[in-house]
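Please examine the protein shown below, with attention to its aromatic rings.

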Amino acid sequence: MAASGVSHSPAAPAYRLRRLPLTRRFMLPATPRLHLPTGTLYPGARISRCADARAPLRSNRRPLSPPLAMAYEATSAATAANGKQDLLVFDSDEELSVSLAKYTAELSEKFVQERGVFTVVLSGGSLVKSLRKLTESPYLESVDWAKWHVFWVDERVVPKDHEDSNYKLAFDSFLSKVPIPPGQVYAINDALSAEGAAEDYETAMKNSVNAGVIAVSTTGYPRFDLMLMGMGPDGHIASLFPGHALLSMTEKWVTCIKDSPKPPPERITFTFPVINASAYVALVVTGAGKAGAVFKALGSEKTSSDLLPVEMVSLEDGKFTWFTDKAALSMLHDKASL
Ligand SMILES: O=C(O)[C@H](O)[C@@H](O)[C@H](O)[C@H](O)COP(=O)(O)O
């Protein structure tokens, strides 16, 4: 059996398309300085806090209670040539989840209007829990779920009903609760070896490109509409780990790793050219455990020889947004108040 066509039968509520207001963002010109809430300037950092950036996000149902997000615009050495990154900082998981749902629903509406489909890529880890608001009103009714095609940026090579399976994680808390047609959910073929599963997944992606479901980038790689990803404490994204030879893999769209430092060891993963061909990437990074990697990525000088995987995200022609909290930024704040 090829990747895709996983059976699940979520209830299929009638939906209607609702226009959702855009999340308020504060866009200032990029500057090689960091202004943090203390007002302290930390020369040498590369983030600028937008003036008076705390503001409530709006919903067409009800105003969302007090300041949800501080919006930042960030640039880094890796992205300077390829556009800006947005850094959104939330006071709570709840607020992050509300904003992520709104962001995703707006992109769904945009791409369904433009392309007639919406291709979404998920990682495993805590990201999936952050998608929970999408399974609730108003999104459950308003999102055009029938147009979604769901892929995984990485997957553990285990049976689909295994506790380690990223498919199972997403199915249990997200996919089983929204009416995406099962044939549009592209799980790996769990009967194959790691090599076979990676090859099979790449073939499924090529078929989707040929069918016009997945767009193509100017460099010939699949261009997904939205990748929703987490980052590990070591700065890994997908199953691309610091210092690993796979970081420089460009020949394949999907490859396998058999010595993942994060268990389980056998996984398949998209390669960097595919990640960097995306139209939108949302990176959800919360908690003090991630503060070191966030500091390295956003607050420290770097050379091309010591880049963490997260710093190697450099979108060809796309938009990268960090969804973070204060704990994840704590080392930046500490540095700024020195
Ligand atoms: O299969 C995996 O292990 C994930 O896809 C992995 O890349 C994950 O997204 C990060 O490790 C962050 O996970 P947490 O958010 O749980 O730390």
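What share of the contacts in the protein with a separation of 6 or more comes from residues 24 or more positions apart? Such residues account for 74% of these contacts, a contact being heavy atoms within 4.5 Å. This is a predicted model, in which local features need pLDDT of at least 70 and side-chain atom pairs count only at pLDDT 80 or more, whereas totals for chains, interfaces and linings use all residues. Residues are numbered from 1 along each chain as its sequence is written, and side-chain values use heavy atoms, with hydrogens and water left out.

The protein contains 7 helices and 15 strands, taken as DSSP runs numbered from the N terminus (helices H or I, at least four residues; strands E, at least two). Of its 338 residues, 57% are buried, that is, under 20% relative accessible area with a 1.4 Å probe, protein chains only.

The aromatic pairs number 16; rings of Phe, Tyr and Trp (its six-membered ring) pair if their centres lie within 6.5 Å, and planes under 30 degrees apart count as stacked, over 60 as edge-to-face and the rest as tilted. F90 counts as buried because its relative accessibility is 0%, and F323 counts as buried because its relative accessibility is 0%.

F111, F118, W145, W148, F174 and Y280 form one aromatic cluster. Over the ring of F111 sits the charged end of K110, 5.1 Å from the ring centre.

Definitions and conventions: Buried < 20%, exposed > 50% of the residue type's maximum accessible area, 1.4 Å probe, protein only. Lys NZ or Arg CZ within 6 Å of the ring centre and 35° of its normal.
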